[in-house]
Amino acid sequence: MRKEASKEEWKKLYDVATRIKELKPWEDFWDLDLICLREGEREDAAFVSVLGRGGECYGIVVYEGYEELNTFMMMLNRERLNLTPEFAMGNQSNLTCYWGNREELTEAEREIIKETGYKYRGRNQWLYFRSCKEGYFPYRMNQDEVHRMCYYLELLEEAVLKYRSEEVKVDFQGGEMYVYSIDPETENHYWGAEELPFISFNYRTLKLDDPEMREALREVPGNRYVIEMDIVYQAAKMNDKSYDRPGNMRMVVIAESRTEIIMKAQLLKPEEDQIAVLADSLIEFIGQFGAPKEIRVSNLIVEAALEDLCTLTETKLRRVRRLQSIDDFINGMGERMK
């Protein structure tokens, strides 16, 4: 059950974010210069990216943990992974505050600003907050997220002031991050430079665990199909009252490359594991039609998900720059949705 933050809770968050804006941390950090916020010796941490050094888009993005940090690395490595902007953005998990334009805000977000007593005018001046979560469309924060974001921004405020006063040296380009931690019991503070936990995107590989299924797949006869497979994002809202926030429109698509026939286009529910559904879709296809001669994919994430199944069935797995049949299908969908 979703619980909304009160006017007082939003006011506290707007207050600390306003102080952050007055500090102008983008004068000290680039968006790739990560700040790690920790509590004492706890292994979990939050990683902060400060936007605005280029003078175009101001904001604070908080990645709550290592899995969330991996989505930052996904965005950072988007071109190498050959991901569409919609795919990379749809897989982001973070809490964010932006200073943007009035038209970027929803009516509910403008009402929150009104209730806090703040007033904004001009471009890149309107402060608003969003929660990003895989499977869902970016949405306003709930009560718990407001509390967490407020805590992170309060720590960030201290971290920036300490960074300046102590003239901390961090080799960001050399793979270091700025770490600021506080022990809640002793109230001791630590700040300094540490190596990033990882510097590239860690993608998932799937291995079928069922021995009988593995043996059965090895015995499946082949066919002459050349198919394209992908996880496609449309960057469109899917409203469903059974969820506390809108879903993000995404689907698993299978197309026959030579005839351009769409053999499957399955919409995913917000909570569904897209990689698992992708692999299950291939198993279903093989069970119905046999093992394809070749599977074409366009990005490393999809390739890693299908590699084991393709090895079992002796199917050629080929990564190409563009999936023509699927692209034409998605473009046609986009035209019909206008």
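## Glu 79 and helix 3

Let's start at Glu 79, a residue of helix 3 in what is a predicted model. Glu 79 counts as exposed, with a relative accessibility of 66%. Along the chain, Glu 79 and Asn 299 are 220 residues apart, yet 9.6 Å separates their C-alpha atoms.

Asn 82 sits in the loop that links helix 3 (78-81) to helix 4 (85-90). Its phi is near 60 degrees, a positive value for a residue that is not glycine. Is Asn 82 buried or exposed? With a relative accessible area of 18%, Asn 82 is buried, since the cut-off for that class is under 20%.

## The protein as a whole

Stepping back, the protein is built from ten helices and twelve strands. Its C-alpha atoms fill a box of roughly 70 × 45 × 35 Å along the principal axes. Of the 338 residues, 50% are buried. The exposed surface comes to about 17800 Å², with carbon and sulfur atoms supplying 47% of it.

## Helix 1 across helix 5

Helix 1 (residues 7-23) and helix 5 (residues 107-116) make a pair to bring up on your screen. Their axes come within 9 Å and cross at roughly 85 degrees. Helix 1 is therefore roughly perpendicular to helix 5, because angles of 65 to 115 degrees fall in that class.

Which residues meet at this crossing? From helix 1 come Lys 7, Trp 10, Lys 11 and Tyr 14, and they meet Ile 112, Ile 113, Glu 115 and Thr 116 of helix 5. An α-helix has 3.6 residues a turn, so residues three or four places apart point the same way.

## Helix 2 and its neighbours

Helix 2 spans residues 66-76, and its buried residues are Leu 69, Asn 70, Thr 71, Phe 72, Met 73 and Met 74. What do the buried residues of helix 2 pack against? Their partners are strand 2 (46-51), strand 3 (58-64), helix 3, helix 4 and helix 9.

Thr 71 turns up again in the surroundings of Ser 93. Ser 93 lies in the loop between helix 4 and strand 4 (94-100), and is buried at a relative accessible area of 17%. Setting aside neighbours within four places in sequence, Ser 93 is in contact with Tyr 63, Glu 68, Thr 71, Cys 132, Lys 133 and Glu 134.

## Gly 59 in strand 3

Strand 3, one of the partners of helix 2, includes Gly 59. This glycine is buried, at 0% relative accessibility. Which residues does Gly 59 touch, not counting those up to four places away in sequence? The list reads Ser 49, Val 50, Leu 51, Cys 97, Tyr 98 and Trp 99.

Gly 59 and Gly 100 are 41 residues apart along the chain, and their C-alpha atoms are separated by 8.6 Å.

## Later in the chain

Gln 234 belongs to strand 8 (residues 226-238), where it is buried with a relative accessible area of 17%. Between the C-alpha atoms of Gln 234 and Glu 67 there are 23 Å, for two residues 167 apart along the chain.

You will find Glu 260 in the loop between strand 9 (247-256) and strand 10 (261-267). Its relative accessibility of 42% makes Glu 260 partly exposed.

Finally, follow the chain to helix 9 (residues 300-313), which holds Thr 313. Thr 313 is buried, with a relative accessible area of 11%. Apart from residues up to four places away in sequence, Thr 313 touches Leu 217, Ile 286 and Ala 291. Helix 9 is also one of the elements that the buried residues of helix 2 pack against.

Methods. Residues are numbered from 1 along each chain as its sequence is written. This is a predicted model: local features need pLDDT of at least 70, side-chain atom pairs count only at pLDDT 80 or more; totals for chains, interfaces and linings use all residues. Side-chain values use heavy atoms; hydrogens and water are left out. Helices (H or I, at least four residues) and strands (E, at least two) are DSSP runs, numbered from the N terminus. Buried means under 20% relative accessible area, exposed over 50%, partly exposed in between (1.4 Å probe, protein chains only). Accessible areas come from the Shrake-Rupley method with a 1.4 Å probe; for residues, only the protein chains shown count as cover. Axes are lines fitted to C-alpha atoms, for helices over the stretch in contact, and angles run from 0 to 180 degrees between N-to-C directions. Angles under 35 degrees count as roughly parallel, over 145 as roughly antiparallel, 65 to 115 as roughly perpendicular and the rest as oblique. Contact means heavy atoms within 4.5 Å.
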